[in-house]
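Hi,

Here is the structure I said I would pass on. My notes on it follow below, starting with the surface and then working through the rings.

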Amino acid sequence: MTDKQIVPRSHDETENDTGVVVKEVVRAKKPPLYSVILLNDDYTPMEFVVSILERHFNKDHAAATDIMLKVHNEGRAICGIYTYEIAETKVTLVTEEARQSGHPLQCVLERA
Ligand code: TYC
């Protein structure tokens with residue numbers, strides 16, 4: 001009796017010597033994600049927060065207003081979810097812009 005060969009059937013399927021077709025699944029590991037969160041305070045003007053959300057988080061005026069009001073009413077809201085480096089950069093840029101403008105706005109990062 002001749003030996004059965006191992007025959008690749010496609011780039012991700014292999015028939016082994018028992019005749020069982022084994023599917024190989026290769027996936028890149030997903031990077032951990034981080035939420036960028038705005039916190040409420042009593043002093044930062046609402047329009048400043050809306051403008052931050054439009055320019056740093058790609059929100060249209062209606063979505064930015066909704067998020068700003070959620071922070072105002074509930075104390076915090078998620079502005080976006082990103083990989084660590086992008087999330088950290090957003091926190092830095094938003095915080096710098098707020099301080100430059102004299103506002104106490106707080107922007108923080110949290111594991112999503
Ligand atoms: N509470 C602020 C006000 O009444 C508005 C505000 C909204 C501040 C969202 C911060 O992240 C914030 N002017």
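The chain has an accessible surface of about 8,000 Å², and carbon and sulfur atoms account for 53% of that. Areas here are Shrake-Rupley values with a 1.4 Å probe, and for residues only the protein chains shown count as cover. Keep in mind that this is a predicted model, where local features need pLDDT of at least 70 and side-chain atom pairs count only at pLDDT 80 or more, while totals for chains, interfaces and linings use all residues. Numbering starts from 1 along each chain as its sequence is written, and side-chain values use heavy atoms, with hydrogens and water left out.

Of the 112 residues, 28% are buried (under 20% relative accessible area; exposed is over 50%, partly exposed in between, with a 1.4 Å probe and protein chains only). There are three helices and six strands, taken as DSSP runs numbered from the N terminus (helices are H or I with at least four residues, strands are E with at least two). In sequence order that gives β-β-β-β-α-α-β-α-β. As for contacts (heavy atoms within 4.5 Å), take those between residues at least 6 apart in sequence: 60% of them join residues at least 24 apart.

Now the rings. Phe, Tyr and Trp rings (the six-membered one for Trp) pair if their centres lie within 6.5 Å; planes under 30 degrees apart are stacked, over 60 edge-to-face, and the rest tilted. Tyr 34 and Tyr 84 make an edge-to-face pair, with 5.2 Å between centres and 80° between planes. Tyr 34 belongs to strand E4 (residues 33-39) and Tyr 84 to helix H3 (residues 84-100), so this pair ties together parts 50 residues apart in sequence. Buried or exposed? For Tyr 34, a relative accessible area of 17% makes it buried, whereas Tyr 84, at 44%, is partly exposed.

Phe 57 and Tyr 82 form the tilted pair, 6.5 Å centre to centre with 40° between the planes. This one also links distant parts of the chain: Phe 57 is in the loop between helix H1 (46-56) and helix H2 (61-74), and Tyr 82 is in strand E5 (residues 76-83), 25 residues away. Both Phe 57 and Tyr 82 are buried.

What sits over these two rings? The charged end of Lys 90 does, at 5.8 Å from the centre of Phe 57 and 5.3 Å from the centre of Tyr 82. The test is NZ of Lys or CZ of Arg within 6 Å of the ring centre and within 35 degrees of the ring normal.

After H1 comes Asn 58, with a positive phi near 60°.

Back in E4, Ser 35 is buried at 5% relative accessible area. Beyond its neighbours within four places in sequence, Ser 35 has contacts that include Ile 78, Gly 80, Ile 81 and Val 108. Ile 81, in strand E5, is partly exposed, with 47% relative accessibility.

Cheers
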